[in-house]
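Visitor: Please walk me through this one, starting with the aromatic rings.

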Amino acid sequence: MDLEPIWLSIKLALLTTFILLLIGIPIAYWLSRKQTLPKLVIEAFITMPLVLPPSVLGFYLLLAFSANNALGRWLHEHFNVQLVFSFEGLVIASLIYSLPFMISPVKAAFGHLPKSIAEASYTMGKSRMQTFFYVLLPNIRSSVFTAAVLTFAHTLGEFGVVLMIGGNIPGVTKVASIAIYDAVEEMDYAAANDYALILFAITFIIVLAVFIFNRNAVKSPFE
Amino acid sequence: MIEININKQIKTYKGVLELKINTTFQSQSVTRISGPSGAGKTTLLKILAGLITPEAGMIRVDGSVWFDSVKKYSKHTQERKVGFVFQDYALFPNMTVEQHLRYGTDDLAYIRELLSIGEMEPLIKNYPRQLSGGQQQRLAILRALCTKPGLLLMDEPFSALDQQLKTKMTGSLKTLFSAQETTVLLVTHNEHEMSEVSDLSFEME
């Protein structure tokens, strides 16, 4: 059995989760503070991938990344980057696709912290940055963990977007979910079963880990 | 001396209330602020801490300007060197008793002194969730003191303590306040409460 699609999926999911931790947490913090109309619009955009058919997102990304269009051409001419049918393209698509899974739980957790704990830190002479790292972030650890795990699992299961912009290039864009589809198309049910079982097992362990980690929390980790 | 002359609109479920305060508070003394609930006592403390900005007015503390709506100046909370005891304690769930105090000061001898005032030495490794209501309230007071603030703002600071502990603690605090020349504003619900600690009182309507 060719394990390459599995490794490719894990690599994509790890990279996406890592990048989203770096950019998602500050965005979530910013969104959790005073609500304004522009923020609501931005939040709606970030949340769209939750409800949008992946093929719609994939289609627009395909157009945007295409060498026939300004953005795709500019990237190709200036950085020699081609985002269609490439691993880099998959990473960018995954970042957009999984963004709400990182932002929503973290934003909700920031919003649930009492305002007074940040205020208490300010009165002790601590800057916003110090308050963020020593008081706010440590108190939403479990939500950050949940968000990271969900982002990882969601990216692992990505199919529609990958198919639209990545295609099916072995070792480059052929991730596990695509490999299953491919195997079924070729009537190779044994191979499809192997990939499906591995994805099922990994996903189950991930979800179980979230529940074990949050077993003392009052609410379900997915609320 | 703290000179305050401000206007602040407070949004409540009853509509918008206009809070107008024009008074002075004596430095290096304990002033008790009382009044019915909804009178704006907590808001006044938060305005002094720089956590709430008034619409108009001026605040001057010992000659230096903390807030001036005409010049659009408001001194940052961090620079005001105030201590604040929040009504809901606002303890940090991720920190032990000791870490709360270490977050504000590196002076270990002073931390020991504070722990002794609050009778919290055996509890230094406990997190807030492992403390009783009274212990949490004592920690909130000690934390506000650990930065040696010039102005200490206390919002119902002894409400969860029993009479015996309250008397003992207020005695030690009084000594500490005079040693550190702290100005203290203390909000209380009950106009007779804490009269033994305070030098002055201010009634809000």
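Guide: Rings of Phe, Tyr and Trp (its six-membered ring) pair if their centres lie within 6.5 Å; planes under 30 degrees apart count as stacked, over 60 as edge-to-face, and the rest as tilted.

Visitor: By this rule, how many aromatic pairs are there over all chains?
Guide: This is a predicted model, in which local features need pLDDT of at least 70 and side-chain atom pairs count only at pLDDT 80 or more, while totals for chains, interfaces and linings use all residues. Residues are numbered from 1 along each chain as its sequence is written, chains are lettered from A and ligands numbered from 1 in the order in which they are written, and side-chain values use heavy atoms, leaving out hydrogens and water. One cluster of rings takes in A:Tyr29, A:Phe110, A:Phe132 and A:Phe133. Over all chains, the number of aromatic pairs is 11.

Visitor: Over the ring of which residue does the charged end of A:Lys11 sit?
Guide: A charge sits over a ring if NZ of Lys or CZ of Arg is within 6 Å of the ring centre and within 35 degrees of the ring normal. In chain B, B:Arg143 lies over the face of B:Phe92, 4.6 Å from the ring centre. For A:Lys11 the distance to the ring centre is 4.6 Å, and the ring belongs to A:Phe87.

Visitor: What pLDDT does chain B average?
Guide: pLDDT is the predictor's confidence in each residue, from 0 to 100. For the complex, the predictor gives an ipTM of 0.92 and a pTM of 0.87. In chain B, 96% of the residues score at least 70, and the average is 89.

Visitor: How many helices does chain A have?
Guide: Helices (H or I, at least four residues) and strands (E, at least two) are DSSP runs, numbered from the N terminus. The C-alpha atoms of chain A fill a box of roughly 65 × 45 × 25 Å along the principal axes. Chain A has zero strands, and its helix count is 11.

Visitor: How far apart are the end C-alpha atoms of residues 195–213 of chain A?
Guide: UniProt's unreviewed entry lists several stretches of chain A as "transmembrane region", including 159–183 and 195–213; its positions are given in the numbering used here, feature names are shortened, and annotations may be inferred rather than shown by experiment. Residues 159–183 of chain A are 56% helix, with end C-alpha atoms 14 Å apart. Residues 195–213 of chain A are 100% helix, and their end C-alpha atoms are separated by 27 Å.

Visitor: Which residue of β2(B) is the bridge partner of B:Thr12?
Guide: β1(B) and β2(B) run antiparallel and are joined by 11 bridges. They form a hairpin with two residues between them. The bridge partner of B:Thr12 is B:Gly15.

Visitor: Which residue of β9(B) does B:Ile33 stand opposite?
Guide: Chain B also has an open sheet of five strands with parallel pairing, in the order β7-β8-β9-β3-β10. Its twist averages 15° from one strand to the next. β3 (30–34) and β9 (183–188) of chain B pair in the parallel sense over five bridges. Opposite B:Ile33 stands B:Val187.

Notes: Pairing = 2+ DSSP bridges. Axes fitted to C-alpha atoms, helices over the stretch in contact; angles between N-to-C directions.
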